Amino acid sequence: MEPNRNNDPNKTPEGGRPKLNLVTTLLITLVIVLLFSWVLNMVRSSQYTLTTWSDFVAARDAGQLAEVEIQADRLLYMTKEEAAKEPQDQKACFTGLPRGGNYETMATELAAQGVKVNEKIIEDNSIITMILSYVVMIGGLFLIMNMLTRRMGGDGMMGSFGKSKAKVYMEKQTGVTFKDVAGQDEAKESLQEIIDFLHNPQKYTAIGAKLPKGALLVGSPGTGKTLLAKAVAGEADVPFFSISGSDFVEMFVGMGASRVRDLFQQAAKVAPCIIFIDEIDAVGRSRDNRYGSNSEQEQTLNQLLSEIDGFESSKGIVCLAATNRPEILDKALLRPGRFDRRIIVDRPNLQGRLDTLKVHTRKIKLSEDVDLRKIAQATAGAVGADLANLVNEAALRAVRLGRQAVNQEDLLVSFETVIAGTEKKNTVLTDMEKRLVAYHEVGHALIAALEKHSQPVSKITIVPHTSGALGYTMQMPEEEKFLSTAQELRTELRTLVGGRAAEQVVFGVQTTGAANDIQRATALARNMITQYGMSDKFGLMTTASVQNQYLDGQAYMDCSQETAAGVDREVMKLLNEAYESAKATLTQKRSLLDEISEYLLVKETITGDELMAYVSADAKALEAPAEEAPANPEE
Ligand code: ADP
Ligand code: ZN
């Protein structure tokens with residue numbers, strides 16, 4: 001589950017930014033300016049009557065001029081006839097000025113004739129001023145438009161070609177320390193050295209030791225990589241710069257590179273400090289074309305590499321990066337002197353989950369009945385972000401129900417919300433559907449309960465969930481397990497197909513409800529054969545390899561087509577065996593299956609203990625002297 005980054009108070013949500021490029025902006029500005037000046041000219045000209053130069057000469061020679069104004073490119077004049085009118089009716093004329101005339105002498109001559117010559121004569125209203133005023137106008141408009149786009153949440157058009165707009169979050173003090181990070185002891189230990197170095201660089205440089213400039217935090221989303229990086233900054237009490245790799249990926253070639261340069265410049269000013277690059281795979285993916293790359297990304301990566309090489313580690317800049325796909329990173333990034341340390345940030349184990357729950361419930365009022373260990377047990381596979389989310393949901397539920405403290409039920413219910421999807425009360429099932437679901441779930445549960453190597457069932461329910469599951473059987477391991485034996489995996493297979501087996505045995509039908517079970521069973525069977533070396537036919541040969549271990553962990557076939565076909569047949573065989581065995585078990589325990597299913601239909605949700613009570617009662621009945629016949633009267 002993706003960590004809910006919006007809750008992070010240190011980051012601002014990123015608005016979408018409308019991108020107009022420079023050329024369009026300039027064009028738009030130009031068109032606006034031209035239109036504007038054209039309209040202005042029209043308005044101005046309409047005040048005057050346009051005449052020819054010879055009209056003017058004729059008027060002058062006839063001595064009809066009252067007033068003249070000589071400008072750089074034109075001449076305004078008013079005849080005596082017009083000047084006699086009321087001021088608002090007066091209309092001046094204008095005419096172009098032929099080039100090369102000596103207008104200063106003309107002005108003195110006119111003045112001598114008694115014509116009023118306006119002061120502004122030959123004021124330098126020249127082309128240069130015109131161009132200048134245009135430039136000022138264009139510049140002004142451009143700035144305004146730029147500001148407007150900035151307002152709209154973008155970076156402004158300037159930003160697209162300017163430099164510093166990288167979304168760098170600088171925190172003087174992160175306020176996070178290792179105490180806030182639960183578990184992850186190995187990661188903390190590896191990072192301890194970096195903290196020590198930031199505290200006291202002289203100690204290292206005195207000996208001549210070079211410290212790693214960077215470390216790569218590798219792990220699934222939500223396992224706390226960002227949190228750890230922040231904690232390093234917090235422990236060392238240095239500023240924390242964070243940026244996401246995807247922020248470097250830009251539309252214009254060269255932009256990402258300039259951001260990288262910028263980031264390191266900013267950091268150098270406040271060193272010692274930590275630079276954290278989240279999702280480094282966005283920039284750092286391998287430059288071979290297997291995953292598709294482009295010149296912009298390549299330039300950015302090159303810049304990043306040269307910046308990392310460039311800074312003197314004695315300055316005290318440490319670069320931490322996070323990724324969940326280390327295998328696609330460019331080899332150059334991982335060379336000595338760059339991100340040569342790899343720190344694995346694993347999904348937490350039982351103790352880790354318990355600690356994480358404790359960290360997140362520190363500030364939450366818990367009621368007496370809360371047993372965090374139980375919750376930790378139930379959440380195998382969950383990452384820190386899930387647990388943080390779970391605790392928060394529980395607190396919200398407590399508030400919703402008007403309670404003062406969070407109780408165990410809140411935690412359990414929110415566990416179901418966060419991990420299993422919310423209970424959905426309004427899906428109406430027909431009676432027949434309900435029966436099918438009940439038998440299906442009890443099918444799973446009964447197989448698990450009867451088998452030796454299975455995980456105990458903790459809950460069976462036929463209350464539909466929004467996730468789409470019409471019911472589910474929850475199994476909870478008693479302790480954290482890291483290894484599974486082939487026996488246990490076979491049991492798991494039988495448990496998985498137990499649902500479908502029950503449908504078949506009891507109703508003789510097959511429903512779509514088993515789709516997910518079948519998918520999981522198939523995947524498990526395939527893994528057993530291709531990766532765990534658990535088939536007789538292929539023995540220890542691996543026929544599939546895992547590509548991105550920290551994401552979906554999907555494996556890709558890595559063998560000849562012939563072998564692949566053979567693998568398919570083996571998978572089918574394994575599944576069939578499991579299915580037949582499950583059907584046999586359920587047929588034999590038919591009465592027990594009926595009993596529990598009817599009970600579940602009434603109660604909708606039963607606990608593992610209730611289930612086990614039925615199972616052990618049945619076992620006792622079997623042990624009892626022979627007057628009680630074996631419990632399968634129907635077959
Ligand atoms: P990542 O960067 O690995 O995707 P984050 O560091 O952003 O994960 O983790 C998201 C949130 O999950 C954190 O803010 C924190 O609340 C919680 N969290 C994750 N791991 C831990 C942990 N080990 N201890 C405490 N809280 C954790
Ligand atoms: Zn099922």
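Where does Glu279 lie? Glu279 sits in the loop that runs between strand 9 (273-278) and helix 12 (281-284); helices (H or I, at least four residues) and strands (E, at least two) are DSSP runs, numbered from the N terminus. The model is predicted, with local features needing pLDDT of at least 70 and side-chain atom pairs counting only at pLDDT 80 or more, while totals for chains, interfaces and linings use all residues. Residues are numbered from 1 along each chain as its sequence is written, chains are lettered from A and ligands numbered from 1 in the order in which they are written, and side-chain values use heavy atoms, with hydrogens and water left out.

Back to Glu279: although not a glycine, Glu279 has a positive phi of about 45°. Its relative accessibility is 36%, so Glu279 counts as partly exposed (buried means under 20% relative accessible area, exposed over 50%, partly exposed in between, with a 1.4 Å probe and protein chains only). Glu604 is another non-glycine residue with a positive phi, here about 70°. Glu604 belongs to the loop between helix 22 (590-603) and strand 16, and with a relative accessible area of 28% is partly exposed.

Strand 16 leads on to a sheet. This is an open sheet of three strands, in the order 13-12-16 and with antiparallel pairing; two strands pair if DSSP finds at least two bridges between them. Strand 13 (472-475) and strand 16 (605-607) stand at the edges with a single partner strand each, so one side of each has no neighbour in the sheet. On average, neighbouring strands here are turned by 10° against each other, direction ignored (axes are lines fitted to C-alpha atoms, for helices over the stretch in contact, and angles run from 0 to 180 degrees between N-to-C directions). Strand 12 (residues 457-461) and strand 13 run antiparallel and are joined by four bridges. One pairing to look at is Lys459, whose bridge partner in strand 13 is Met474.

Strand 2 (residues 65-70) is largely enclosed by the rest of the structure, because five of its six residues are buried. Strand 2 has an antiparallel link to strand 3 (residues 74-79), made by five bridges, and the two form a hairpin with three residues between them.

A polar side-chain atom of Thr226 lies 2.5 Å from an oxygen atom of the ligand. A backbone N or O atom of Thr223 is 3.3 Å from a ligand nitrogen atom, and a polar backbone atom of Ala385 is 3.4 Å from a ligand oxygen atom. Taken alone, ligand 1 exposes 560 Å², and the protein buries 86% of that.

Note on methods:
A polar contact is a pair of N or O atoms within 3.5 Å; within protein, one must be able to donate a hydrogen and the other to accept it, and residues adjacent in sequence count only if both atoms are side-chain atoms. Accessible areas come from the Shrake-Rupley method with a 1.4 Å probe; for residues, only the protein chains shown count as cover.
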